[in-house]
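Hi everyone, and thanks for coming. Please take a moment to look at the model on the screen, and then I'll walk you through a few parts of it.

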Amino acid sequence: MERAPTEDTASGRKTMGHGTNFISTAHLSRGRISLKRGNLFGHTPAKRRILQTPRMQENADARIGFLLRKQLTLYSVTPLYRFSYDRLQEYSRQLCFVIAAEKQKGLAIHVEGDLKLKVKFSSLSVLKTSEKGQAGVLIQVTAENAGPKVVWIGCFCCTCGDDILETVMEDFTCFPLFLVNGAESLSAIIGTWLQQTFDCSFSLLTISPLNLAWMAAMWTGYKIEHHKRAMELTFSVPGTSQPLDISYAIHAEDAKALWDSIHTTQQEVRQEQVNLFMDGLCYHFYRHFKIYLSATRLVKVSTSVACVHSDGKIKILHSAYLMEILALMTELAISQIL
Amino acid sequence: MSLSQQDLNLEDAKEQLLEECEGIWKQVEECQNKLTFQEIETVPATDPKLSLLLHRMKALTAEFNQWQKRTPEIITTNPDVLVALGKDQLQRLDHDLEMILSTVHAKNKKLNEDLLREQQWLEEQQQLIDCLDQTEKEISNQVVQFSEKRAFQELKSKMLKIKAYKEELLNALGEFVEKHFPLPEDDGIQKKKTRSSREEDVQLITLHEILESLINTLINKPHDPYVTINNSFWSPYIELLLRYGIALRHLEDPSRIRLENFYD
Amino acid sequence: MSTLAAFGKLPTLNSATILLVGTNEIFQQQLAETILQEKQDLKINIHLADSLPLPPERDHIRPRIDLIVFMVNMQSKHSYSNIEASLVHVDASFFLGKVCFLATGAGRLNQISIEVNAVLKLADLYCSPVLFCELECEKIRIATAQRLLRMLRICAGHMSGVSALSFSSLMKSSIGDSSFLA
């Protein structure tokens, strides 16, 4: 009977936003589609609150550094069943054996030679946003012989997810977001083990152009002192026989000036402001090149703070705004699961 | 004669129809003329819905009045035309009704199937519930209050029993081994070997002791359960153990043996 | 004149005209071909346009438009803003049942650039029905073409007893459920 919630959410997820499946407003007779806050058709909220997180302390940089400047793939995860922070050692051991067994079976792990891989589960309290929040869980796979060098990391986090998620049933732990960096084969093995052990389900978090526009607008507004990069937007042109991409780069200061002039409300970001920002940029492009960028599809956004691609890949460059970025991604992951 | 009469009728009918069509077309043209004088109004961009709804209300009222005033009129008085038209319309109606019938049948069938499926599902759920209730009852009968002390006592008594059993087993093993595999007599065999004059001084240890040392080594040092053979081990017994698979030689060093794994 | 007039011309006998307005030519052509493939005893004229107002040069040879279909491509904001701009050039009488919105590309939810709610709101604002269509899928395309044809026949007056206004009042009941639009 405990399998019922995850099955329903899995089937509910499959009918929405997956490949070419069509919108269906028919109610499943056995499932419960919960429409939280009128979130029909997965529409973006009219406004989002700017997160007031306490700035992370300086020494946190070292602990979080492994997440920065790496290409992370995002997955949305359904709640985990019977996960406990006390048994992390046991999980490490089990996963170690599973990986060794898979290696014995002859599956290529793309690691050179006969590396002894060791797995370590640890809990990350630095990702907690409030007292009641959940600490993240970090899985690190290190190769003992050459290093020890970290070859694969995976991180479960639930940043600020509590206000969006309503009461979760007992025995279930909610980690809507899973970040992965490392070899694909290891990800497959570990993903299968996690799905079998905790009865959860992973799916790639694809980001729609609407949400990408939100990210472009919100991240331009963040203040970064050094290492400023130009803001770059990549658009994919539909209807051409070969993939054609248009890349539009703007100076960070100019983009920030534009955003500051639009964004006057302090506490929140509104949909109209985001639309105005993107329309302004597109109009500027049109005046120079006579190309309507609004007829193309935004696929990649790259700012000084982070780069994100609509396939669900993100690279965070600064630790200063990590919590906000993770909070936004968690919100997207939750809306994908529901 | 009758043929040409029919032809004449047909010609008449056609002419009459054409005249009536012309009359109606003239009416249409007159209406059109009146319409062109009407101004075209566009929808205001600010609140289109309100103005559109008002416009709609006016148009609906006008249409409603029109329908109220209208009386059903026969389009033509010619009987042939009426018959042909009537047949045509009835055929179309028949076709439409058949389509509707088949759609409704299909819908009914689907609804029936849905109903059956839902009923089946309900039954399965009921069965599940019954089953779970039963299981719960059975298990709740076995619920026993957990008391730490009792668990502790049980564990202690188990340990004692196992210890006693172990003692018993060891004693039995010792007796058996002593009885059937005794040490060789000193005076018998060794005098034949002149080479092993040095070995006469060494006290041979019993098979029991060999086994004990092998067992202890295996239990205490699972990663390296090898016992080095020294002169005090009587070689025929070593051979005995090796041949019956009780002990194994070390892969590289023939002077070390270990007890074979007796567990899986 | 720049606005499209509803009753500016005499209707042509035994025919009906539909105008498809949208930025994506390929979609328009696909839909037009599918409509023409349907067997009808009526002569169907299909006019394709990029945006309104229509160029005035060919105004005299253009027949009276019976149904306007605004095609919104959910993956391009440009088509949405284009349609919004075109709506101003339409005679108010058209909105009494002779206008329909067609949203394509809403099936891939992770690739849309316009929210579904925005399209629904626009249609509600102009009191016209919305159809959702996936032009890549043949069955849906054929079904949509059949629906449009039926609407066209009613709007052109070929169904006796039903006027475009009364028909649109019938259709309103499914769309007017404003609990959709939070």
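I'll go through the chains, then some helix pairs, a sheet and a few single residues.

First, some housekeeping. This is a predicted model, so local features need pLDDT of at least 70 and side-chain atom pairs count only at pLDDT 80 or more, while totals for chains, interfaces and linings use all residues. Residues are numbered from 1 along each chain as its sequence is written, and chains are lettered from A and ligands numbered from 1 in the order in which they are written.

Let's begin with chain A. Its secondary structure comes to 8 helices and 15 strands. Helices here are DSSP runs of H or I with at least four residues, strands are runs of E with at least two, and both are numbered from the N terminus. Of the 338 residues of chain A, 34% count as buried. Buried means that 20 or more other C-beta atoms lie within 10 Å of a residue's own; exposed means 12 or fewer, partly exposed is in between, and the C-beta atoms are placed from the backbone. Contacts are next: two residues are in contact if their C-beta atoms, placed from the backbone, lie within 7 Å. Among the contacts in chain A with a separation of 6 or more, 70% come from residues 24 or more positions apart.

Now chain B. Here we find 6 helices and 3 strands, and the pattern along the sequence reads α-α-α-α-α-β-α-β-β. Of its 264 residues, 5% count as buried. Residues 24 or more positions apart supply 60% of the contacts in chain B with a separation of 6 or more.

On to helix packing. Two packed helices are described by the angle between their axes and the distance between the axes. The axes are lines fitted to C-alpha atoms, for helices over the stretch in contact, and angles run from 0 to 180 degrees between N-to-C directions.

At what angle do H3(A) and H4(A) pack? Helix H3 (residues 88–105) and helix H4 (residues 184–198) of chain A pack at about 130°, with their axes 11 Å apart. That makes H3(A) oblique to H4(A). For the terms, under 35 degrees is roughly parallel, over 145 roughly antiparallel, 65 to 115 roughly perpendicular, and the rest oblique. H3(A) passes H4(A) in a right-handed crossing; right-handed means that the near helix is turned clockwise from the far one by less than a right angle, and left-handed means anticlockwise. On the H3(A) side you can find Leu95(A), Val98(A), Ile99(A) and Glu102(A), which meet Ile189(A), Ile190(A) and Trp193(A) in H4(A). By class, this contact has 6 nonpolar, no polar and 1 charged residues. Nonpolar covers Ala, Val, Leu, Ile, Met, Phe, Trp, Tyr, Cys and Pro; charged covers Asp, Glu, Lys and Arg; the others, Gly among them, are polar.

Let's look at another pair. The axes of helix H6 (residues 252–262) of chain A and H7(A) come within 10 Å and cross at roughly 140°, so H6(A) is oblique to H7(A). Their crossing is right-handed. Leu258(A), Trp259(A) and Ile262(A) of H6(A) make the contact with Gln273(A), Leu276(A), Phe277(A) and Gly280(A) of H7(A). These residues divide into 5 nonpolar, 2 polar and no charged.

While we're here, find Glu272(A) in helix H7 (residues 271–289). Is Glu272(A) buried or exposed? Glu272(A) counts as exposed, because it has 11 C-beta neighbours inside 10 Å.

Back to chain B for its sheet. The 3 strands form an open sheet in the order S1-S3-S2, with antiparallel pairing. Strands pair if DSSP finds at least two bridges between them. S1 (227–228) and S2 (247–249) of chain B stand at the edges with a single partner strand each, so one side of each has no neighbour in the sheet. S2(B) pairs with S3 (residues 256–259) of chain B over 3 bridges, in the antiparallel sense, and Ala247(B) stands opposite Leu259(B). Helix H5 (residues 207–220) of chain B lies across S1, S2 and S3, at about 75° to S3(B).

Finally, some backbone details. Asp199(A), in the loop between H4 and strand S9 (202–204) of chain A, has a positive phi near 55°. In chain C, a cis peptide bond joins Leu52(C) and Pro53(C), with omega about 5°. Cys127(C) has a positive phi too, near 50°, and is buried, with 22 other C-beta atoms within 10 Å.
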